[in-house]
Amino acid sequence: MKKISIILISFILNFSHSQSIDNQISDIEEKLISWRHDFHKNPELSNREFRTSEVIAKHLESLGIEVSRNVGVNGVVGILKGNKKGKVVGLRADMDALPITENNNLPFMSINNGVMHACGHDSHMAILMATAEILSKNRDFDGTVKFIFQGAEEGPPPGEEGGARMMIKEGVLKNPDVDAIFGLHISSLLPMNKVYYKPKGFFASSSRFTIKVLGSQTHGGTPWLGIDPIVITAQIINSIQTIISRESELTKEPAVISFGKVEGGNRFNIIPSEVNLTGTIRSLDYGMRDYIKKRIIELSEGITTSFGGKAIVEIEDGADITYNDPYMMDKMLPSLRSSAGNENVILSNAKTIAEDYAYYLNEIPGFLFELGGYNTNELRKAPSHHTPDFFIDDSAMLLGVKVMTNLALDFLKSE
Ligand SMILES: [Zn+2]
Ligand SMILES: [Zn+2]
């Protein structure tokens, strides 16, 4: 009997505790939306998030959170200590916008010409600011929460360092050492009120390749006097597509090769001396990625040489694979389900987009999940990320706050 009543009391205590946090989360919605509108209206490019980082730092300071500024250029890191010692959990949001002119007619549309939050990072920041506010008002947890606001996720400008890699280099995961990290990406293509997860490879690695095809210039009327790099290029493009369609084991993981730019020649009757190609490789398995890279070099060089020309291939790795730790995913799945409801936590396919969040997951366990941001009751079409029509529904964000808050608390509570 005694045991039963103790269980009952602790159940009631637990329940009332989470009820009160749930109420606080609902109460913060107005602020959450106004933060997001403010960021959306004032977007800043990668490594130029000056105003953005100031807004975040001031908010965290107003909550009594210990703040470090300018971590990895404009990153802001907040440390919130609970009442007792314990584990350390990291929560991450990215801060940068894109060089796109907004096409949405919103009361809070971008006032910075040619710059737009077209990937939803404005909502990520607002969600994490709200999460920080809720947690700072409920410090009766054991352990520490580290809020990681990171700039330049879309990639720093050429010649500059930035993003997750730079923040890690500057010690964002140390002192106190972060035991696990959680992050979300909102999606304009997925319905709101739903959370999408996938253990292991979730977002793809991205590598950029350039191929310089060198031939020999001649008159367009006498091609036999030169070596035509345009015809060689046509063979290279077609052959490289067979790396995916004929040589990659696509039942294991997906992979993509896309050419984004083909450049060469300047007149209808001149065969040029060179053609330059550039494109991207997306993959969810490092073995497959290495194979694709090797074959791009072999095919480009082999084909060009056989025609008497010369190919120079350069491949540069961008983001790594966003590899969600399967053990951590399993452990925290009940937390996702209790926040969103069983039926709203959905096992996702892998995605061939990339995220520099991957670098945190190279260092410590954790995961990235996707949050639906598309209001299916609206008539507007679900717009793709990185377009002038990109749009996220405000009411999609509250679930993000709930999931992030509970992930932090549930992880700190866990064995
Ligand atoms: Zn993006
Ligand atoms: Zn993004």
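This is a predicted model: local features need pLDDT of at least 70, side-chain atom pairs count only at pLDDT 80 or more; totals for chains, interfaces and linings use all residues.
Is Asn175 buried or exposed? At 67% relative accessibility, Asn175 counts as exposed. Residues are numbered from 1 along each chain as its sequence is written, chains are lettered from A and ligands numbered from 1 in the order in which they are written, and side-chain values use heavy atoms, with hydrogens and water left out.

Stay with Asn175 for its backbone. The residue is found in the loop between H5 and S5. Helices (H or I, at least four residues) and strands (E, at least two) are DSSP runs, numbered from the N terminus. Phi of Asn175 is positive, about 50°, although the residue is not a glycine. The peptide bond from Asn175 to Pro176 is cis, with omega near 0°. Pro176 lies in the loop between helix H5 (163-169) and strand S5 (180-191).

Lys200 is another residue to check. Its phi is near 65°, a positive value in a residue other than glycine. Lys200 is found in strand S7 (residues 200-203). With a relative accessible area of 43%, Lys200 is partly exposed.

Now turn to the metal ions. Which residues hold the zinc ion (ligand 1) as protein donors? They are Cys119 (SG), Glu154 (OE) and His386 (NE2), lying 2.1 to 2.3 Å from the ion. Donors are N, O and S atoms within 2.8 Å of the metal (3.2 Å for Na, K and Ca); water is not among the atoms, so sites may look incomplete. Along the sequence, the donor residues of ligand 1 are spaced C-x34-E-x231-H. Distant parts of the chain are linked here: Cys119 sits in the loop between strand S3 (84-94) and helix H4 (121-136), and His386 in the loop between strand S16 (366-374) and H10, 267 residues apart. Accessibility separates the two residues. Cys119 is buried, with a relative accessible area of 8%, whereas His386 is partly exposed at 39%.

The zinc ion (ligand 2) is coordinated by Cys119 (SG), His121 (NE2) and His185 (NE2), at 2.1 to 2.5 Å. Its donors follow the spacing C-x1-H-x63-H along the chain. Both Cys119 and His121 are buried.

Next, the helix packing. Two packed helices are described by the angle between their axes and the distance between the axes. Axes are lines fitted to C-alpha atoms, for helices over the stretch in contact, and angles run from 0 to 180 degrees between N-to-C directions. Take helix H2 (residues 29-41) and helix H10 (residues 397-413). Their axes come within 10 Å and cross at roughly 110°. H2 and H10 are therefore roughly perpendicular to each other. Angles under 35 degrees count as roughly parallel, over 145 as roughly antiparallel, 65 to 115 as roughly perpendicular and the rest as oblique. H2 passes H10 in a right-handed crossing. A crossing is right-handed if the near helix is turned clockwise from the far one by less than a right angle, and left-handed if anticlockwise. On H2 the contact uses Glu29, Leu32, Ile33 and Arg36; on H10 it uses Met397, Leu398 and Val401. Contact means heavy atoms within 4.5 Å. By class, this contact has five nonpolar, no polar and two charged residues. Ala, Val, Leu, Ile, Met, Phe, Trp, Tyr, Cys and Pro count as nonpolar, Asp, Glu, Lys and Arg as charged, and the others, Gly among them, as polar.

How do H2 and helix H3 (residues 50-62) cross, and at what angle? Their axes come within 10 Å and cross at roughly 160°. H2 and H3 are therefore roughly antiparallel to each other. The crossing of H2 and H3 is right-handed. H2 contributes Trp35, Asp38 and Phe39, and H3 contributes Arg51, Thr52, Val55, Ile56 and His59. The contact of H2 with H3 has four nonpolar, two polar and two charged residues.

Finish at Leu214, in strand S8 (residues 205-214). At 24% relative accessibility, Leu214 counts as partly exposed. Leu214 touches Ser273, Glu274, Thr304, Gly309, Lys310 and Ile312, leaving aside residues up to four places away in sequence. The C-alpha atoms of Leu214 and Thr387 are separated by 35 Å, and the two residues are 173 apart along the chain.

Notes: Buried means under 20% relative accessible area, exposed over 50%, partly exposed in between (1.4 Å probe, protein chains only).
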